[in-house]
Amino acid sequence: MELIKMTDAGRYADPATLCSAAACRQVLAWADWELAAAKATYELLRTLENVLRCTVSERLSSYYGREDWWTSPRLRLTYSTLKKIEIAEDKLQQAGVPVTSTAILREVPLGFWVTLLGRGHDYETQVWRPVSSGFPGYRGRRGPLHTRLDHLRLLRNKVAHQDRIGSRDLAADRRSVITAIGYVSDGVARRVEAADTALPQLLVSRPGSCARRGGDGA
């Protein structure tokens with residue numbers, strides 16, 4: 001079927017629901033559902049990224065005494081972290097956008113903020129200690145927080161690269177995002193949870209099996 005082939009819709013379907021992996025029209029229902037689920041998930045992750053950027057950059061700027069805190073001689077960032085800054089600057093220049101500290105920090109990806117909460121070059125001292133006050137809802141050590149956020153970074157990458165996410169426990173992913181946001185601001189977390197009606201509805205309306213699918217799967 002031309003529509004299935006040209007949209008690569010088959011990549012999103014649950015094979016157990018199809019009467020034919022190659023031509024079952026049920027794959028289109030799955031493709032539509034995946035698109036809606038990806039959009040809803042992305043909205044949650046976008047808020048998480050904004051919250052992380054605001055709380056981390058504000059505290060590092062205050063601690064290192066400059067808006068472009070990543071240039072401070074007192075802060076030793078890893079090559080990969082600095083490379084993300086460089087890539088952001090290049091993108092802004094190519095787009096003809098003024099290369100300001102604010103613009104750069106808005107351009108770097110979620111992975112940049114997650115990396116800062118990793119081990120790095122003694123990020124425990126250089127980054128975590130200055131920014132830990134920005135996570136008033138979190139009482140643990142840096143490591144477990146980084147693990148949670150890195151898990152969400154991988155989810156964000158799957159959404160960005162149009163990978164199938166329907167086989168994941170998206171309800172648990174949703175809770176994890178809202179929990180992570182709540183570490184920074186309980187008010188924002190409650191607002192996000194209340195506003196997100198799309199994903200819970202999608203989770204109870206996954207596409208069913210094709211009507212032509214026989215009991216033996218033929």
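Modeller: The sulfur of C19 has its closest cysteine sulfur in C24, 3.7 Å away, which is too far for a bond. This is a predicted model, in which local features need pLDDT of at least 70 and side-chain atom pairs count only at pLDDT 80 or more, while totals for chains, interfaces and linings use all residues. Residues are numbered from 1 along each chain as its sequence is written, and side-chain values use heavy atoms, with hydrogens and water left out.

For C24, the closest cysteine sulfur is that of C210, at 3.6 Å, again too far for a bond. The structure holds zero disulfides, a disulfide being a pair of cysteine sulfur atoms within 2.5 Å. C19 counts as buried at 18% relative accessibility, and C24 is buried at 0%; buried means under 20% relative accessible area, exposed over 50%, and partly exposed in between, with a 1.4 Å probe and protein chains only.

Of the 218 residues of the chain, 41% count as buried. The C-alpha atoms fill a box of roughly 65 × 40 × 30 Å along the principal axes. Among contacts (heavy atoms within 4.5 Å) between residues at least 6 apart in sequence, 69% join residues at least 24 apart.

The aromatic side chains come next. The structure holds nine aromatic pairs. One of them joins Y63 and Y64 edge-to-face, with 4.9 Å centre to centre and 85 degrees between the planes. Rings of Phe, Tyr and Trp (its six-membered ring) pair if their centres lie within 6.5 Å, and planes under 30 degrees apart count as stacked, over 60 as edge-to-face and the rest as tilted. Y63 is partly exposed at 44% relative accessible area, whereas Y64 is buried at 8%. Another pair, W69 with F112, is tilted, at 6.2 Å centre to centre and 35 degrees between the planes. This pair links distant parts of the chain, since W69 lies in the loop between α2 (26–64) and α3 (79–94) and F112 in helix α5 (residues 110–116), 43 residues apart. Both W69 and F112 are buried. Ring pairs also join W69, W70, F112 and W113 into a cluster.

Two arginines sit over rings. The charged end of R74 is placed over the ring of Y63, 5.4 Å from its centre, and R164 lies over the face of W30, at 5.4 Å from the ring centre. The criterion is NZ of Lys or CZ of Arg within 6 Å of the ring centre and within 35 degrees of the ring normal. In the loop between α2 and α3 one also finds S72, which is buried at 5% relative accessible area. Leaving aside neighbours within four places in sequence, S72 contacts Y64 and R66.

Helix α3 has 16 residues and spans 22 Å from its first C-alpha to its last, close to the 22 Å expected at 1.5 Å a residue; the expected span is 1.5 Å times one less than the number of residues. T81, I85, A88 and L92 are buried in α3. Down the axis of α3, the buried residues fall within an arc of 60 degrees, so they line one face of the helix; the arc is that of the directions from the helix axis to the C-beta atoms. An α-helix has 3.6 residues a turn, so residues three or four places apart point the same way. The buried residues of α3 pack against α4 (101–107), α5 and α6 (123–131). Turned away from that buried side are the exposed residues Y79, Q93 and Q94. D90, also in α3, is partly exposed at 32%. Just after α3, G96 takes a positive phi of about 75 degrees.

Helix α8 (residues 170–184) is mostly covered, with eleven of its 15 residues buried. Among them are D173, R174 and Y183. The buried residues of α8 pack against α2, α7 (142–160), α9 (186–195) and α10 (198–203).

Methods
Helix = DSSP H or I, 4+ residues; strand = E, 2+ residues; numbered from the N terminus.
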